[in-house]
Amino acid sequence: MTDITLAPIQPDQPSHLMATYGRQAISFVRGRGAYLYTEDGTEYLDALTGIAVCGLGHAHPVIAEAIAEQAATLVHTSNLFEIPWQTAAAQKLAEVSGMEEIFFSNSGAESNEGAIKIARKFGTQQGVRLPKIIVAEQSFHGRTLATLSATGNKKVQDGFAPLVNDFIRVPFGDVEAIQEAALQHPDIVAILIEPIQGEGGINTAPQGFSYLEEVRNICNQHNWLMMLDEIQTGNGRTGKYFAYQHTNIVPDVLTTAKGLGNGFPVGAVMTQGEAVGLLGPGSHGSTYGGTVLGSRVVYTVIDTIQKENAVENAAVVGRYIVDQLRAQLANKNIQVRGFGMMIGIQLPKDCAELVAIARDQHKLIINVTAGSVVRLLPPINMTQAQADDLLERLVALINNYL
């Protein structure tokens, strides 16, 4: 292998990167499991995993071996040809999701774009001239023009008008608002929601996952497609393979990404029931969607999650973390919510500065979202010993802050 060493970036050296990120002044050169390492070998506990991406941790040996072997064999041929690994990956994903048809994309936003197209196609076939989709306030569905239009965050949308029309916004968890929208807009054809709002602050509906069952009933009543955005909640994150599996319902359209590739960029939009067959040849596509390499990664990630019982581990260890946080911070006027390895700690004041304090003083990588929510997205295969390490650092951080 060619030995390439990157020269350190100098403070006065100009960057040719577009300034779309407010980056932290730190970089990591390697990872192993739940930990990241800087050039000088300093170890950090990663409780964010690339924002819910590396569910099996960093540099998982089985995933790394599959990538290396496939990269040395065949990376890409295009979807003009049969791709056996893509067929195998789709079979695996169908088994764990309960869905029938799968289209592989490159990201969560692309997957949600596919869902929006499916909803419009469905509406058009029903004779609806301008199909509308219900979405939730405080939601996040991506940064493409259609998905940022669906997103319930004005900061994401600022400066990009005119937005894509025909999204009807309702409060998350408010079933009555959905029913009212149905009365006011006879051209609604679908509803797109997250089972748990990740970017919105690890928001769960007041009625819990039974909210999804109520939405399913409404969709059945009005002949709408029920579409779930499980970009962040999928792939074992909540202690079920997909969050909707905490209930007895099945959506018509399901999207996922993030943990699907454990760091490799890949996503999927899946259909069942009335949504099957809506997209045919020429109606959707992607040059890089479902490459040989990407498909093998998906297959290997799902297979590894199954063999390691990582979903069950996420449920057990995630519950342990939540219980310990509630017990150890009982006097701090906080609220801990979430499922599995998707945990939010609502503090009584804005706390964006905790990201830097956690990193610099406790060697802990966390995220703050919605202003005052510490978001934890640890590996779904995190051990209890690693969970105790996380708790020790995090409890000290919050105790010192409040």
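Which residues does the UniProt annotation "binding site" cover? In this predicted model, the unreviewed entry puts that label on Arg143 and Ser286; such annotations may be inferred rather than shown by experiment, and positions follow the numbering used here, with feature names shortened. Residues are numbered from 1 along each chain as its sequence is written. Local features need pLDDT of at least 70, side-chain atom pairs count only at pLDDT 80 or more, totals for chains, interfaces and linings use all residues, and side-chain values use heavy atoms, leaving out hydrogens and water.

**The annotated pair**
- Arg143 sits in the loop between strand E5 (132-136) and helix H5 (145-150), with helices (H or I, at least four residues) and strands (E, at least two) taken as DSSP runs numbered from the N terminus.
- Arg143 counts as exposed because its relative accessibility is 60%; exposed means over 50%, buried under 20%, partly exposed in between (1.4 Å probe, protein chains only).
- Leaving aside residues up to four places away in sequence, Arg143 touches Ala109, Leu148 and Val156, where contact means heavy atoms within 4.5 Å.
- Ser286 is in the loop between strand E10 (267-271) and helix H9 (292-307).

**Helix H12**
- H12 (residues 384-401) has 18 residues and spans 25 Å from first C-alpha to last, close to the 26 Å expected at 1.5 Å a residue, counting one less than its number of residues.
- Buried residues in H12 include Leu390, Leu394 and Tyr401.
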